Amino acid sequence: MDHEVPEDLVMRCVVEFAEKFPNLPIYIEGELLLDEQRVAILHQARVLRRATSRIAEDMTHDEFRRTTGTLRECFEDLRRLHISSARELGLLVQAHNAAVVEEGIRARFYLHQSLEDIDAIDASHTIARVRRNLEITPDARHFTPINVTADTQSGKQSRRKQ
């Protein structure tokens, strides 16, 4: 039959057995407790007992309550500070995002304005080129007209300049 045993109870029993029976082989979950592990467990148990006795010697019950109250207040202050810092960081991120969006809108405006300027320059360049071409070509009065007449003898049309 298997039973669940809390870890702190297991450790107390292991420490108690290791102290009372130093040469007794101890198995935990089917594994032999090695000598190095036994020494480390006994050392930790002694340190824990000393710390517990020092707390009992150094603090009265009222002092302990005041100390825990102070620690609780410090924790609450730290938690509030953390929350307010997180809010401030969120506001900074929002402000930065708004600035980025604004800069994007401004860049888009300048891009459209530049494209309109380029189109205007291109149109004025085209107009100037057409004007130059018109100035270079002779006036319509200097053209010699070409007359097309029908030749009645051969039935063919011929062109001749007059």
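This tour goes through the model stop by stop, with something to select at each one.

**Before you start**

This is a predicted model, in which local features need pLDDT of at least 70 and side-chain atom pairs count only at pLDDT 80 or more, while totals for chains, interfaces and linings use all residues. Residues are numbered from 1 along each chain as its sequence is written, and side-chain values use heavy atoms, with hydrogens and water left out.

**Stop 1: the whole chain**

Show the cartoon. The protein has three helices and four strands. Helices (H or I, at least four residues) and strands (E, at least two) are DSSP runs, numbered from the N terminus. Follow the chain from that end and the order is α-β-β-α-α-β-β.

Now look at contacts (heavy atoms within 4.5 Å). Take those with a separation of 6 or more: residues 24 or more positions apart account for 22% of them.

**Stop 2: colour by confidence**

Colour by pLDDT, the predictor's confidence in each residue, from 0 to 100. The mean for the protein is 81, and 83% of its residues reach 70 or more. Select helix α3, residues 61–136: confidence is highest here, at a mean of 89. Then select strand β4, residues 157–161, where confidence is lowest, at 47.

**Stop 3: the surface**

The protein exposes about 15200 Å², and carbon and sulfur atoms supply 59% of it. Accessible areas come from the Shrake-Rupley method with a 1.4 Å probe; for residues, only the protein chains shown count as cover. Buried residues make up 6% of the 162 residues. Buried means under 20% relative accessible area, exposed over 50%, and partly exposed in between (1.4 Å probe, protein chains only).

Select Phe17, Phe21 and Leu24. Together they form a nonpolar surface patch with about 270 Å² of accessible area. Patches are made of residues with over 30% relative accessible area and no salt bridge; like charges are joined within 9 Å, and nonpolar side chains (Val, Leu, Ile, Met, Phe, Trp, Tyr) within 5 Å. Leu24 sits in the loop between α1 (7–20) and β1 (27–28). Its relative accessible area is 35%, so Leu24 counts as partly exposed.

**Stop 4**

Search for salt bridges (a side-chain nitrogen of Lys or Arg within 4 Å of a carboxyl oxygen of Asp or Glu). The whole structure has eight. Glu19 lies in helix α1 and Arg49 in helix α2 (residues 35–58), so the pair ties together parts that are 30 residues apart in sequence. Glu19 is partly exposed at 39%, and Arg49 is partly exposed at 45%.

**Stop 5: along helix α3**

Select Glu76 and Arg79. Their side chains meet in a salt bridge at 2.8 Å, N to O. The two are three residues apart in helix α3, about one helical turn. Glu76 is partly exposed at 26%, as is Arg79 at 37%.

Next, select Asp77 and Arg80, joined by a salt bridge at 2.9 Å, N to O. This pair also lies in helix α3, three residues apart. Move on to Glu102, Glu103 and Arg106: salt bridges that share partners join them into one network.

**Last stop: the cysteines**

How many disulfides does the structure hold? Zero, with a disulfide taken as a pair of cysteine sulfur atoms within 2.5 Å. Cys13 is partly exposed at 35%, and Cys74 is partly exposed at 45%.
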